[in-house]
Amino acid sequence: MKWKLLIIIVLLPLLSLSTSCQKESTFSNLESKLVKMDSGKAQMIGRVVDVQNNSPLVGIPVRLAQVYRQGNEGAFVLDLAHSPSAITNHKGEFVITDISPAEYLIVIGRPEENNYVIYQEKGSKPVTIIVEGGDIINFGDVKVNYHQ
């Protein structure tokens, strides 16, 4: 069986990327689902909700696309076979483990079906996360306008 591999690369101006996240705080009981990791890896927890009605998005893939920068330019790569990812549960919650240190964007949905959104702040700037080894990142609510 051949694995289908999709890589998405998008050039982004460096200044349009911003960083935002909460570290080491509690969120629901997701932290009980975290596993002891190698100190070189990180973990992320959060919940995906619809921005319109604040309801949880269930069964939706949450993936981390790695960001690469060069001067004032930036690009991100999402590898469906290898990028860190999880599927939201019945409460919209997700736990992503085994994240290598790097800078990432959060991609919600199914890029292979051209049905996805990149998590952005209110000012329409993509949110980037800089992950360091051993981090437990509590992202809280990831509010998106996503239609299944």
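Colleague: Where is the place of valine 67?
Modeller: This is a predicted model, so what follows describes a prediction. The strand that covers residues 61-70 takes in valine 67. The place of valine 67 is therefore strand E5.

Colleague: Is valine 67 buried or exposed?
Modeller: The relative accessible area of valine 67 is 8%. The cut-off for buried is under 20%. Because 8% falls under that cut-off, valine 67 is buried.

Colleague: How many Å apart in space are valine 67 and isoleucine 129, C-alpha to C-alpha?
Modeller: Along the sequence, valine 67 and isoleucine 129 are 62 residues apart. In space, the C-alpha to C-alpha distance between valine 67 and isoleucine 129 is 9.2 Å.

Colleague: What percentage of the residues in the protein is buried?
Modeller: The protein has 148 residues. A residue counts as buried if its relative accessible area is under 20%. The share of buried residues is 42%.

Colleague: What share of the contacts with a separation of 6 or more joins residues 24 or more positions apart?
Modeller: Here the contacts considered have a separation of 6 or more in the protein. Among these, the share from residues 24 or more positions apart is 75%.

Colleague: Which elements give two or more residues to the lining of the largest pocket?
Modeller: The largest pocket holds about 210 Å³ of space. Its lining includes Val117 and Ile118, and also Lys143 and Val144. The elements that give two or more residues to this lining are strand E10 (115-118) and strand E12 (136-144).

Colleague: How many residues of the lining of the largest pocket are charged?
Modeller: The lining has five nonpolar and two polar residues. Glu121, Lys122 and Lys143 are among the lining residues, and Glu and Lys count as charged. The number of charged residues in the lining is three.

Colleague: Which residue has its backbone nitrogen 2.9 Å from a polar atom of the side chain of asparagine 138?
Modeller: Asparagine 138 is found in strand E12. With a relative accessible area of 1%, asparagine 138 is buried. The backbone nitrogen at 2.9 Å from a polar atom of its side chain belongs to glycine 140.

Colleague: What is the phi of aspartate 98?
Modeller: Most residues other than glycine have a negative phi. Aspartate 98, in strand E8 (residues 93-99), is not a glycine, yet its phi is positive. At 45% relative accessibility, aspartate 98 counts as partly exposed. Its phi is about 60°.

Colleague: Leaving aside its neighbours within four places in sequence, which residues is histidine 90 in contact with?
Modeller: Histidine 90 has its place in the loop between strand E7 (85-87) and E8. It is exposed, with a relative accessible area of 61%. The C-alpha atoms of histidine 90 and glycine 59 are separated by 7.2 Å, although the two are 31 residues apart along the chain. Beyond its neighbours within four places in sequence, the contacts of histidine 90 are Pro56 and Val58.

Colleague: How many Å apart in space are leucine 80 and arginine 110, C-alpha to C-alpha?
Modeller: Leucine 80 is found in the loop between strand E6 (73-79) and E7. At 22% relative accessibility, leucine 80 counts as partly exposed. Leucine 80 and arginine 110 are 30 residues apart in sequence. Their C-alpha to C-alpha distance is 9.4 Å.

Methods: Residues are numbered from 1 along each chain as its sequence is written. This is a predicted model: local features need pLDDT of at least 70, side-chain atom pairs count only at pLDDT 80 or more; totals for chains, interfaces and linings use all residues. Side-chain values use heavy atoms; hydrogens and water are left out. Helices (H or I, at least four residues) and strands (E, at least two) are DSSP runs, numbered from the N terminus. Buried means under 20% relative accessible area, exposed over 50%, partly exposed in between (1.4 Å probe, protein chains only). Contact means heavy atoms within 4.5 Å. On a 1 Å grid over the protein atoms alone, a cavity is a set of points where a 1.4 Å probe fits but cannot get out, and a pocket is an open set with protein on both sides within 12 Å along at least five of seven lines; lining residues have an atom within 4 Å of a point. Grid points are joined across faces, edges and corners, and a volume is the space filled by probe spheres set on the points. A polar contact is a pair of N or O atoms within 3.5 Å; within protein, one must be able to donate a hydrogen and the other to accept it, and residues adjacent in sequence count only if both atoms are side-chain atoms.
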